[in-house]
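Open the model in your viewer and keep the selection tool at hand. The stops below go from a surface patch to a chain interface.

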Amino acid sequence: MNIAAITDHLPILMVAIPILFSALMMFLRSAPSVQKVINLTVSFGLLILSILLLINVLNNGIVVYEIGEWGKYGIVLVADLLSAGMVLLSSGISFLALLYSMDYMEEESLGSTYHSLFNLLVAGINGTFLTGDIFNLFVFFEILLLSSCGLVVAYGKGGFTKSDHKMEATFKYLVLNMISSFIMLVAIASLYATVGTLNMADMAAKINVMSETGNLPWHIFPAALLFIVVFGNKAAIFPLHYWLPDVHPSAPSPISAMLSGVLIKVGAYGVLRIFFLIFDGTLYMFQPIIIFLALVTIILGSISAVGQNDIKRLLAYSSISQIGYVFLGIGMGTVTTIAASLVYLVNHAVAKSMLFMASGSIIHEAGTRDMRKMGGMVNSAPFLSGMFLIGAMSVAGIPPMGGFIAKFVLFDSGITSKYYIPILIALVFAVFTVFYMIRAWQRIFWGEVRSEKYDEYHSHGLSWKMSVPILVLSVVVVVFGVYAEPLLSIAQSTASQIIDPQAYIDAVLMREIR
Amino acid sequence: MNNVFLSLTIAILFGLGTFLILRKDVIKVIIGLSIISHAVNVLIVSSGVFNGDNAPIINGHVSDSSSNIIFNDVLDNGVLAPVVANTEEVAYVDPLVQALVLTAIVIGFSITAFILILAYRIYEEYGTTDINELKRLWG
């Protein structure tokens, strides 16, 4: 098999390989060490393939892959810059999270279904980012929902999260997401009944024609509103955010890193894809709504985070407030603000995954999740203290970390787009972020040693499988802060592709019209 | 007339499902969720029943130019295939929505199976199926 054959089929490989290995892992349950090696190899291979995909998209423009010879009537996978970039981000984080979970997870949980479900989750995420068909988007949403539910109830070593907490959190997560997926089906059905197609590019072209001729039906607007509910629930935007601070802390740390790093970004991706492609003509009505919800999310998340004593709960509330900043940029809706919110999204994904993994190691070190019982760990865990400080500085937006560049670009673009009041509110609550992140670091690592629990999990310490992912991610955080130009330029060209979806529509529809 | 009854059925199913989701029992919530999922399924099928002015599916053997069906996209003129003129009678029901509904049923089925097992585990941990007792997390 030569390289050209692989690059032709990259989009389908990103989805098919994890599904195939998810099935294979079920048969390998009697050989856990083989499972580990194969799963790590597959995950690393997917990372390489996603880099190839992004390079391919950068060089040759939008890649469209037809599944079967059905043209726009079948399912197409479309990799534009946004999709390819998100796939690269999720592949990188999932590889590192998998490496981390090798030593973090309990052997029994790891040996049963963990590898299989993890592959299925990766398939769901990649499929969501790559698909060009709106019903297929729903199917991949369900795949990632179910597999992430199975992963949330998996156990980490030490049992710091009780199983009743896991069950309760998963129940909330599942019920809310089931309702949101029903809402999504209603929205898809009404869209299909209106335009008679499920292909997103085809839909966008038809709705464009309708709005140009002036007979855009009124029920496009409620359908678009339903999609805000769906993606808002996935991304934990204000009225739908209350499942997140239960679910993310209850999950084992590498899965928390996946949930906070990648899964809530699926909501942001959905808004960027659906609203700027299909509902382009209705966007003027929804931009104020998105900005308002984003601001309330920022305020609520940062105020709640200040009062938390549980380290993972603090990080979860911080995720809520940070996703608000991403949606603020999306809501302003100009090329520069969308580019800024993409930069913000990438920086937050990297920093928050790193923080969740570091918090997992801190919990093992201290033997508790309660920050009031921690303290003085700077001597016993100097590596973790440095890494956590880098992550905290990035989320707080202190130079020279990536978070500073992200916040600076977002506020700068917001001010040049004349959104003074929202930027002012966001700026005020960015100060809260500095306060709770630095205070958390100070409570864990400074002060007198309070942790007296030296049990078996304390002594097992940091293995290289747990420290390497944290180290790699923190290096990425610093690199994004010191040498941000490549990320900024890619985000800029991605944003101009999002704002002007004609290239996407042409790439799907103009190739072979049958 | 049939359309009215269809819409009424869907509306009643949605109402029943919402009522059951708001009950205090885990099992009733799950039953409500599956009723809503079936309401959504019926809604999807109903979106493929036309009364004659919209046909999303190409009917291969009527490709002669005398009919008003256009099969090719002409994006410059704003024509997106397949397009059927208002005068054209469309008698058949859209088969695509039935394929969609099969997928939706299977997905709903698997999620219901998972959530039932979850409800059993919650009963094991908490000793009750009362939703109000599920507040150890203070979300």
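Patches are made of residues with over 30% relative accessible area and no salt bridge; like charges are joined within 9 Å and nonpolar side chains (Val, Leu, Ile, Met, Phe, Trp, Tyr) within 5 Å. A salt bridge is a side-chain nitrogen of Lys or Arg within 4 Å of a carboxyl oxygen of Asp or Glu, and accessible areas come from the Shrake-Rupley method with a 1.4 Å probe, only the protein chains shown counting as cover for residues.

This is a predicted model, in which local features need pLDDT of at least 70 and side-chain atom pairs count only at pLDDT 80 or more, while totals for chains, interfaces and linings use all residues. Residues are numbered from 1 along each chain as its sequence is written, chains are lettered from A and ligands numbered from 1 in the order in which they are written, and side-chain values use heavy atoms, without hydrogens and water.

Select A:L471, A:V475, A:V479, A:V482 and A:Y483: together they form a nonpolar surface patch with about 470 Å² of accessible area. A:V482 lies in helix α20 (residues 464-482) of chain A; helices are DSSP runs (H or I, at least four residues), numbered from the N terminus. A:V482 counts as exposed because its relative accessibility is 59%, the cut-off being over 50%.

Next, show chains A and B. Their contact (heavy atoms within 4.5 Å) takes 46 residues from chain A and 45 from chain B. Across this interface the rule finds zero salt bridges. On the chain A side, α7(A) gives the largest share, 20 residues.

Key:
Helix = DSSP H or I, 4+ residues; strand = E, 2+ residues; numbered from the N terminus. Buried < 20%, exposed > 50% of the residue type's maximum accessible area, 1.4 Å probe, protein only.
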